[in-house]
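Hello,

Here is the structure for your files. My notes follow below it.

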Amino acid sequence: MKLSSILPILYAAALFTVIRVANDIPIDSNYLSHSPLFIAIELTGLIVGCYVSFFFFRKWIRYSVFHCVSPWIEYACVAVFPLLLALLVILLSHGGDVGLLRDIVIPVVVVSLMSLWLYSGMKSGFLARSVDEQRLKNDIMRNEYMQAELQLLRAQYHPHFLFNMLNAIYFTIDEDNVKARETVEHLANLLRGQLYTGDEKIKIRREVEAMKSYVALQKVRFGDSISVYMDIDSSLGEEMIYPHLFMPLIENAFKHCGGDSLVSFTLSREPAGIVFKVVNSTGEIKGNSDGGKGLDNLRRRLELLYPGDCHRFVAVPNGKIFAAELMLRL
């Protein structure tokens, strides 16, 4: 049996003892001289009233704490509610034969004072448990934050490590091998761009550098089998944007390029903002594919980073080509 289920009985025993001591001893009265029905009604009412009071106190503590009830109102209710229960028990047990001082005043005062004492103890315990629970939640959140920070640091370490290794490889390549050096340099530049997290803005020229490096690597991969056209507005450079928003479109263009093997990229400044256009040939279009998961993820990131009309993104197949346009308001 749980302690919480027998506490009302223990409290009822303590309350009964105090009332009897305050009421019977001064006049040398014998409580057992009352009729069995009187004693049964009073004891049953006392126990039931204590269980009802415990139930009310638990609910009232939560309500008063969460709704910031005034202490005067809070403790007035605590004093009045058990008082009404006590009067009900007295009327049921005594009937019409009720003495004002012995049968009403003394029991009511004792019940009210002990109820205030009981409620204060229950509320102190509730607040202490709440503080412990909040402290535990804070510790869990702090631990999760530390784990997330460690994962971020580890994720940043790997690009740094590879970047440094590529630099070492770059200087081991013979100076006459220009193509190999350029390939390593472009790869290092891409890794450098991965060090920027998605929640901090960077200058657009850094994003353009990463784009150019990725395109250069793809040219090495595909050689003369693909035609690439890139037009970057030379006036762009110091504008601040969130990183890794153009790259998914470029990756998608090379991934799904087919037919005439043509890829075109255009980045320009327009009255609405920065506009990035991507067009690639696809050959025969199968279904109504709009780029798959990569573009779905891009749409979600745009909703978070550039909410509402701060961006416009359209990506649709058009005949044997696939065209995408992304506008970002600065």
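How exposed is R142? R142 is partly exposed, at 47% relative accessible area. (Buried means under 20%, exposed over 50%, partly exposed in between, with a 1.4 Å probe and protein chains only.)

First, the ground rules. This is a predicted model, in which local features need pLDDT of at least 70, side-chain atom pairs count only at pLDDT 80 or more, and totals for chains, interfaces and linings use all residues. Residues are numbered from 1 along each chain as its sequence is written, and side-chain values use heavy atoms, leaving out hydrogens and water.

Now the salt bridges. The term means a side-chain nitrogen of Lys or Arg within 4 Å of a carboxyl oxygen of Asp or Glu. The count is ten.

- R142 pairs with D139, with the closest N and O atoms 2.8 Å apart. Both lie in helix 4 (residues 100-172), three residues apart. (Helices are DSSP runs of H or I, at least four residues; strands are runs of E, at least two; both are numbered from the N terminus.) D139 is partly exposed at 39%.
- E238 meets R205 at 3.3 Å, N to O. E238 sits in the loop between strand 2 (227-232) and strand 3 (240-241), and R205 in helix 6, so this pair ties together parts 33 residues apart in sequence. K203, R205 and E238 are linked in a network of salt bridges.
- D296 bridges to R299, with the closest N and O atoms 3.1 Å apart. The two are three residues apart in helix 8 (residues 293-305), about one helical turn. D296 is partly exposed at 36%, and R299 at 22%.

Best wishes
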